[in-house]
Amino acid sequence: MSVSERMLETRERIENACRRAGRAPSEVTLLAVSKTKPVLLLKEAYDAGQREFGENKVQEILEKAPQLPDDIEWHMIGHLQRNKVRQVIEHASLIHSVDSFRLAEEINIQALKRKLVKDVLIEVNAAGELSKFGVSIEDTLPLVQQISELKGLRVKGLMTVAPYVVASEENRPVFRKIKQLAVDIAKENIDNVSMDVLSMGMSGDYETAIEEGATIVRVGTGIFGERVYSR
Ligand SMILES: *Cc1c(COP(=O)(O)O)cnc(C)c1O
């Protein structure tokens, strides 16, 4: 299948999941995760109407962005090192992976320098996996409260990378937990913080994530095919 055919199929599956959940398809943004994929394939997705792309490395955004139309929105979905913030801040419309106050402080400094307010999500390690980045469920509210004091960024919601599972159903409790956490944090009415965005669900489990409230699904393999990592 071509990229455009896979995109059509993915959009259809998103719409069906929305229907099952009684949600409007317009509530869910499909983020095409294009890491490791050549610009040619991104262009194919672009031509099929895709405008939001996710990358997990700053370097890849910097390399690809100039080669593609500038109405693309780039989302930074991978772990972000503080020394890379400066390079990516003007290119990323949303940073999904804020998981420490130190990182938030650096984004704040770089944003204020450029008179920007940067939209971010807090990455939550919902299943407590040691191999994963993200703040624990318990530490999320205190971190959000701390970050809300920083004028150069705005917390828009939460992001999670659920465990790799064979059956997407296994991740339903994870997505439910993140949704509940967002509801609980929203109830605190913290200045400068909203919980409207829930970035959860990947190729293997995005339909389940949508049923549980995802507003951004991050689909890589489902659109671009398997990734091949050299080295
Ligand atoms: C690679 C990646 C994805 C996409 O994974 P697929 O299983 O290929 O859909 C989603 N989110 C993050 C954070 C990723 O790094």
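Predicted model: local features only at pLDDT ≥ 70, side-chain atom pairs only at ≥ 80, totals over all residues.

I started with Thr-221: an N or O atom in its side chain is 2.5 Å from an oxygen atom of the ligand.

Next I checked how much of the ligand is covered. On its own the ligand exposes 390 Å², and the protein buries 88% of that.

For Lys-35, an N or O atom of the side chain is 2.6 Å from an oxygen atom of the ligand. With Gly-220 it's the backbone that takes part: one of its N or O atoms lies 2.8 Å from a ligand oxygen.

Where does the ligand sit? I found it in the largest pocket.

Which residues surround the ligand? My list reads Val-33, Lys-35, Ile-77, Val-161, Met-202, Ser-203, Arg-218, Val-219, Gly-220, Thr-221 and Arg-227. So far I'd met Lys-35, Gly-220 and Thr-221 from that list. I sorted this shell by class and got five nonpolar, three polar and three charged residues.

Now the whole chain. I noted nine helices and eight strands in the protein chain. Its radius of gyration is 17 Å, close to the 17 Å that the globule rule gives for 231 residues, so I can call the chain as compact as a globular protein of that length. I also looked up its extent: along the principal axes, the C-alpha trace spans about 45 × 40 × 35 Å.

Technical notes
Residues numbered from 1 in each chain as written. Heavy atoms only, no water. Near = heavy atom within 4 Å. Polar contact = N/O pair within 3.5 Å; in protein donor to acceptor, adjacent residues only side chain to side chain. Areas by Shrake-Rupley, 256 points an atom, 1.4 Å probe, with all protein chains shown as cover. 1 Å grid on protein atoms, 1.4 Å probe; cavity = no way out; pocket = protein on both sides within 12 Å on 5 of 7 lines; lining within 4 Å. Sits in = over half its atoms within 2 Å of the grid points. Nonpolar A, V, L, I, M, F, W, Y, C, P; charged D, E, K, R; others polar. Helix = DSSP H or I, 4+ residues; strand = E, 2+ residues; numbered from the N terminus. Rg over C-alpha atoms; globule rule 2.2 N^0.38 Å.
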